[in-house]
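Work through the exercises below with the sequence and the structure in view. Each task is followed by a solution in steps.

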Amino acid sequence: MNATTTRGALLAALACVLVGGSFTANSVLGDYPYAGGQFLRYALACLLLVPVAGRGAADRLRALTPRQWVRLALLAAVGMVGFNLAVIAAERTAEPAVPGVFVGCAPVAVAVLVPLIDGRRPQRVVLYGSLLVAVGAFTVQGWGRTDGTGIAFSVCALAGEVGFAVLAVPVLRPLGPRLLSATVCAVAALESAAVGLLVDGTGWLRRPGTVETAALLWQAVVVTVVGFVCWYMGMQRIGAERATLFSGLIPVAAACTAPLVGTGSYGPAQAAGSALVGLGVALGSGALRRARAKAGPAKTGPAEAGLSGERTTGVPGSPRA
C-alpha cells in the first residue's frame, strides 16, 4: 500500500470512528429540537471551515454550474439533514439496531452504484469486502423490534448514507475537501432552519443546556469539521467505493463507546462483528492481496516471484483492480 492510499484509508477510518462515537453524543440530545440542533451544528461547523477553505474559494464557488449547486443541495438534504431525520423517524417504531443494520449495507450499494455511474463493472474484491463489512455491522448491532414504517424509514436512512458518498463524487474535485465540507454545511444549516420552522414553528430553536451544549460542540467541531474533512480527503485518495468500506467502523465505534455512558455493552457478538468488519475492509481495500504479494517472493524462487509480481501489477490504487 503506497503512501497516498495508506493516508486515504487512515483518514476515512478516522472519520467513521468519529461518526460512530457521535451516536453516544446523540443520546443526550433526545429532548432538544432536532432541526434546531442540526442548524446549530452545521452553522458552527461552516463558520469554522470557512477560514480554512483555501485560496480562491469564492472563485471556485462562482465557477460551479447550476447542476452542481443542485447536487450540493441534494447532498445536504439527502446525506445530512434527511439522513438524520430518517434515523429519528425509524427509531420511533423500531429499535435503533434496525436502521443501523440498513445503514451498514451502504458499502454494498456504493460498491455497485459508483462503478455503474462511471460506466464500468463493479470490482469483485470490493464487493466481496463490502458484503463482509455489512455482515459484520449486522453482527455488531443485531436485529430488533420493528414494523413496516420502521423498515421504510430505515431504507431512507440507507439512501441518505449512500447519497452522502455518491452525490459528492462530481463536486469533490472542483471544490476540494475543505471547501466542499464548508459549502454543504452552510446549505444543510439553511435546510435545517427551513425544516424547523415548518415542523416546530417558533419552538424550533432554544438555548441548549450545559450537557446539550457539550454534545452539540462535539458534533460540530469534532464530528462535522474534522470528520467531514477527513472523510472527503480519504475519498479523494482512495475513491468512494473503498472509502465507504470504512463506514462499517461506525457501528463498531458506537458499540465501543456505548458502555462509557451506560447505553450498551460490548460482548462476544460485538467482538466477532468487529473482526468481520476489519476483514472486509482489509479485503476490499486490497490490503490482503498486497500483504500476500509482499510475502510471496520470500517463499518462492526468482522465476515464481516474477510471475507473482506480474499478476499483482497495477493493483495498488488502481480503479480497475
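**Exercise 1. Surface and burial**

Task: State how much accessible surface the protein chain has, and what share of that surface belongs to carbon and sulfur atoms.

Solution. Step 1: The accessible surface of the protein chain is about 15100 Å²; such areas come from the Shrake-Rupley method with a 1.4 Å probe, and for residues only the protein chains shown count as cover. Step 2: Carbon and sulfur atoms hold 67% of this surface. Step 3: The protein chain has 321 residues, of which 47% count as buried (buried: under 20% relative accessible area; exposed: over 50%; partly exposed: in between; 1.4 Å probe, protein chains only).

Before going on, note that this is a predicted model, in which local features need pLDDT of at least 70, side-chain atom pairs count only at pLDDT 80 or more, and totals for chains, interfaces and linings use all residues. Residues are numbered from 1 along each chain as its sequence is written, and side-chain values use heavy atoms, with hydrogens and water left out.

**Exercise 2. Secondary structure and contacts**

Task: How many helices and strands does the protein chain have?

Solution. Step 1: Apply the rule that helices (H or I, at least four residues) and strands (E, at least two) are DSSP runs, numbered from the N terminus. Step 2: The protein chain then has 14 helices and zero strands. Step 3: Turn to contacts (heavy atoms within 4.5 Å). Among those between residues at least 6 apart in sequence, 88% join residues at least 24 apart.

**Exercise 3. A salt bridge within a helix**

Task: Describe where arginine 62 and aspartate 59 lie and how their side chains meet.

Solution. Step 1: The two side chains form a salt bridge at 2.3 Å, N to O (a side-chain nitrogen of Lys or Arg within 4 Å of a carboxyl oxygen of Asp or Glu). Step 2: Both residues belong to helix α3 (residues 57-62), and because they are three residues apart, about one helical turn separates them. Step 3: Arginine 62 is exposed at 61% relative accessible area, while aspartate 59 is partly exposed at 48%.
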